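Please look over the protein model below. The report then walks through a few of its parts.

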Amino acid sequence: RWLNHAYIHIQRKKKSELLDEDRVILDIRISRQDPSVSDKNHGTERWESRNGGIWLRRTAKRHASDSAKAITAVDVLFGSDAVEARPGWEMLNRPVILSNPGEAPEPRLTVRRGVPAAVERPTLHVRKDGRFKILQVADLHLSTGVGHCRDAEPSREGGENCEADTRTLEFVGAVLDREKPDLVVLSGDQVNGETAPDAQSAVFKFAEPFIKREIPFATIFGNHDDEGSLGRQDLMQLIQSLPFSLSLPGKASVEGVGNYYVEVLARGNSKHSALTLYLLDTHGYSPDEQQFKGYDWLKKSQIDWFKATSQRLKASGSHVGYKHMHMDMAFIHIPLPEYRNKEDVIAGSGTSAETPTAPGFNSGFKQALVDEGILAVSCGHDHVNDYCALSRSEGKDTKPELWMCYAGGAGFGGYGGYGHVIEGGYQRRVRVFEFDMNEARITTWKVLEHGDTKKRIDETVIVEGGKVVAP
């Protein structure tokens, strides 16, 4: 826990509200000495000292507030690994200088100059070759500051000094550069709330690799994201404001935060949908522990929204006008109760090292997925499960109806194994879904953090000709 406090008071005003005694901030520095000693181009305004090694350069000229260089907003991030993900913002080159910093992650001032930058929601298209690749990243468990590794495999040199977030983000960055996905789906527990007293700093850390590479990303929440300094609504508002984010809070009338869909349009300049992705909030812990222990479940309002949205989209011109096989998939955090059906687990599809911690109450979402023709659903939550299960229809003529996959845990800040259960330990991983719209085929595989990182682990064709197929 953080045991010391420091306060920065910032006053913001509109230009029309400025009084004669007000001063516009032109620049901010962190330094142990007057910046003018080394900066000879600071103009006529002198540097003014504040606590924490903060220096301000201000002017009484009101028109300076119109300048793109004027400081119009100030914020604080935390940690030596803090990054600034917002456009138009700049993190200062050194942390605030505290007389007694203690063990808390170092505070870093970040400033915005000029007017806020406009952020547009990306539009997704199938590539020219008819393919579209999704990288699912589950359970990053990022902290405020570098964090501490749990069950790191291999442990590497450093032992207890293993920095969880550093290693996690190095892994994610390497996979992005190798796989070059068209979209990243973050399927919950990006933020490890218990070790993230400043959740904003953790959010910027997971978003920055995608923004830097100009890769669109969509986010849903797990049961740990909102256990830090920000609730679900505030987290979603923050994520929604970032470049390349497709994340949305969803309708206020639908329970949860983050019930929405993403359309992937056909190649070129087409306005027709080729692929629809549904993302839903599986909430956190059971609201009725006495009767249904463990975790919460998808609610009736969510299932009703999903079914109504699916049927509306199918009837829309965007879908009807697509002359090839349209495909649909869903992402959630907490697995559905049907993930517990051992007879559905496909041998050779991955590891099953822990009993699925699905809700005790079955609200019927799996059947809704089948009824609406969803081909596959993928989740996170259980870090050391990364298998796929194949649900089949009931009756005399059973046939494959829905794939249910796990991504496997990606982050070193969350648990990563049960020792004796997994021989050799559990290596962090991510899951890839590649859609070949030419053949209406979906292929999935996993990528490991260590070892043969270029190998497609447990590669499986799960959809062929637009139909769910057995391997």
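This is a predicted model: local features need pLDDT of at least 70, side-chain atom pairs count only at pLDDT 80 or more; totals for chains, interfaces and linings use all residues.

Residues are numbered from 1 along each chain as its sequence is written, and side-chain values use heavy atoms, with hydrogens and water left out.

Start with strand β2, residues 47-50, which holds Glu48. Helices (H or I, at least four residues) and strands (E, at least two) are DSSP runs, numbered from the N terminus. Strand β3 covers residues 54-59; it runs antiparallel to β2 and is joined to β2 by 4 bridges. Two strands count as paired if DSSP finds at least two bridges between them. The two strands make a hairpin with 3 residues between them. In its turn, Gly52 has a positive phi of about 80°.

Which residue of β3 stands opposite Glu48? That residue is Leu56. Is Glu48 buried or exposed? Glu48 is buried, at a relative accessible area of 12%. Buried means under 20% relative accessible area, exposed means over 50%, and partly exposed lies in between (1.4 Å probe, protein chains only).

The side chain of Glu48 has a polar contact of 3.2 Å with the side chain of Arg50. Another, of 3.0 Å, links the side chains of Glu48 and Arg58. A polar contact is a pair of N or O atoms within 3.5 Å; within protein, one must be able to donate a hydrogen and the other to accept it, and residues adjacent in sequence count only if both atoms are side-chain atoms. Setting aside residues up to four places away in sequence, Glu48 touches Ile54, Trp55, Leu56 and Arg58. Contact here means heavy atoms within 4.5 Å.

**An open sheet**

Next comes an open sheet of 3 strands, in the order β4-β6-β5, with antiparallel pairing. Strands β4 (71-78) and β5 (89-91) stand at the edges, each with a single partner strand, so one side of each has no neighbour in the sheet. Strand β6 spans residues 107-113 and is joined to β5 by 3 bridges. Met91 has Thr110 in β6 as its bridge partner.

**Lys299 and helix α4**

Lys299 sits in the loop between β12 (273-279) and α4 (300-315). Lys299 counts as buried, at 15% relative accessibility. Its side chain makes a polar contact of 3.3 Å with the side chain of Asp296. Beyond its neighbours within four places in sequence, Lys299 is in contact with Glu255 and His283.

Helix α4 has several buried residues, among them Trp305, Phe306 and Leu313. What covers the buried residues of α4 includes β11 (260-265), β12, α5 (317-320) and α6 (365-371).

Most residues other than glycine have a negative phi, and most peptide bonds are trans.

Pro154 lies in the loop between β8 (131-137) and α1 (164-179).
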